[in-house]
Amino acid sequence: MNSTMSSFVFLSSLALFLTLQPCLISASPNVVTQNYTPSLVSNACERSTHKEFCLSVLNSNPFSQQSSLQQLAFIALNVTSKNATATSEFIKQLANQISIDSELEPYLQQSLTECSEAYQSVVELIDDSINSFFSQSEVGVESYLKAAIATIDTCDASIKAHIGKALEVSHKNHIVRQLCNNALSVYRVFANN
Ligand SMILES: *[C@@H]1O[C@H](CO)[C@@H](O)[C@H](O)[C@H]1NC(C)=O
Ligand SMILES: *[C@@H]1O[C@H](CO)[C@@H](O)[C@H](O)[C@H]1NC(C)=O
């Protein structure tokens with residue numbers, strides 16, 4: 001929803017409210033001046049190529065409904081960092097498990113080690129992007145996120161030759177990549193506002 005539409009909806013609800021609640025209004029005039037701010041979540045997702053995904057990511061945070069575009073951009077980055085960290089842990093554990101029965105897939109161990117190393121960088125790059133966000137470096141936020149995406153792709157290239165458990169890594173790569181792209185698009189809405 002753009003801001004014109006939001007204010008339209010806001011004014012329409014206000015008009016309806018005023019029509020339906022004359023007694024309440026005269027009894028407590030303050031009720032009209034309470035700051036009701038329409039949620040900015042849909043504005044924040046307007047540049048996203050996967051709007052549903054964007055909306056579900058932002059709406060899963062309880063603070064989103066009251067958040068500014070800047071806070072929403074932070075939430076999108078924060079979720080990405082958390083998810084990448086969890087994925088990094090997952091890959092590390094998988095690499096340890098696989099070493100026990102590595103005869104099944106001789107190069108899987110090597111791919112997982114590569115992914116594990118790649119994900120240490122992915123987590124760092126996302127955190128660098130968050131630091132750039134706080135130091136208001138637009139170029140920093142964007143270039144670190146793009147570097148994180150490229151690093152996820154190096155893991156993906158090495159893991160996708162495998163089957164079984166390795167497919168889970170590929171699936172998680174897909175999610176973290178989507179979260180990075182999402183953070184990028186939400187950040188751009190904030191930065192260009
Ligand atoms: C950011 O992430 C941390 C750790 O995952 C969490 O505790 C915190 O509530 C998050 N902040 C926001 C504003 O989402
Ligand atoms: C990562 O994101 C996916 C998709 O939103 C979600 O299903 C999963 O629970 C997340 N994992 C963590 C650890 O945040």
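Thr151 is buried in this predicted model, because 22 other C-beta atoms lie within 10 Å of its own. The cut-off for that label is 20 or more. Thr151 is found in helix H8. Setting aside neighbours within four places in sequence, Thr151 is in contact with Ala118, Ser121, Val122 and Leu125.

**The chain as a whole**

What is the protein chain built from, helices or strands? The chain has nine helices and zero strands. Along the sequence, the pattern reads α-α-α-α-α-α-α-α-α. The chain holds 193 residues, and buried ones make up 31% of them. Contacts can also be sorted by sequence separation. Take the contacts between residues at least 6 apart in sequence: 66% of these join residues at least 24 apart.

**How H8 packs**

Two packed helices are described by the angle between their axes and the distance between the axes. Helix H8 covers residues 138-159, and helix H9 covers residues 166-191. Their axes lie 10 Å apart, at an angle of about 165°. That angle makes H8 roughly antiparallel to H9, because angles over 145 degrees count as such. The crossing of H8 past H9 is left-handed.

Which residues meet at this contact? From H8 come Glu138, Val141, Glu142, Leu145, Ala148, Ile149, Ile152, Cys155, Asp156 and Ile159. They meet Ala166, Val169, Ser170, Asn173, Val176, Arg177, Cys180, Asn181, Ala183, Leu184, Tyr187 and Ala191 in H9. By class, the residues of this contact are 15 nonpolar, three polar and four charged.

H8 also packs with H7. Here the angle is about 170°, and the axes are 8 Å apart. So H7 is roughly antiparallel to H8. The contact of H7 with H8 has 15 nonpolar, eight polar and two charged residues.

**The loop between H7 and H8**

Gln136 sits in the loop between helix H7 (108-134) and H8. Is Gln136 buried or exposed? Gln136 counts as exposed, because it has 9 C-beta neighbours inside 10 Å. The cut-off for that label is 12 or fewer. The backbone of Gln136 deserves a look too. Most residues other than glycine have a negative phi. Gln136 is not a glycine, yet its phi is positive, at about 55°.

Thr80 has its place in helix H6. Asn83 is found in helix H6 as well. How do they stand for burial? Thr80 is buried, because 28 other C-beta atoms lie within 10 Å. Asn83 counts as partly exposed, because it has 18 C-beta neighbours inside 10 Å.

Now look at their contacts, leaving aside neighbours within four places in sequence. Thr80 is in contact with Ile126, Leu179, Cys180 and Ala183. Asn83 is in contact with Ile175, Val176 and Leu179.

| Pair | Separation in sequence | C-alpha to C-alpha distance |
|---|---|---|
| Thr80 and Val57 | 23 residues | 9.6 Å |
| Asn83 and Lys172 | 89 residues | 8.9 Å |

**Around the ligands**

Which residues surround ligand 1? They are Asn61, Phe63, Ile75, Asn78 and Lys82. By class, this shell has two nonpolar, two polar and one charged residues.

Ligand 2 is surrounded by Lys82, Asn83, Ala86 and Ile175. Which helix gives the largest share of the shell around ligand 2? Helix H6 (residues 69-98) does, with three residues. The shell around ligand 2 divides into two nonpolar, one polar and one charged residues.

Two names link back to earlier parts of this report.

How values were computed. Residues are numbered from 1 along each chain as its sequence is written. Chains are lettered from A and ligands numbered from 1 in the order in which they are written. This is a predicted model: local features need pLDDT of at least 70, side-chain atom pairs count only at pLDDT 80 or more; totals for chains, interfaces and linings use all residues. A residue is near a molecule or strand if its C-beta atom, placed from the backbone, lies within 6 Å of it. Helices (H or I, at least four residues) and strands (E, at least two) are DSSP runs, numbered from the N terminus. Ala, Val, Leu, Ile, Met, Phe, Trp, Tyr, Cys and Pro count as nonpolar, Asp, Glu, Lys and Arg as charged, and the others, Gly among them, as polar. Axes are lines fitted to C-alpha atoms, for helices over the stretch in contact, and angles run from 0 to 180 degrees between N-to-C directions. Angles under 35 degrees count as roughly parallel, over 145 as roughly antiparallel, 65 to 115 as roughly perpendicular and the rest as oblique. A crossing is left-handed if the near helix is turned anticlockwise from the far one by less than a right angle, and right-handed if clockwise. Two residues are in contact if their C-beta atoms, placed from the backbone, lie within 7 Å.
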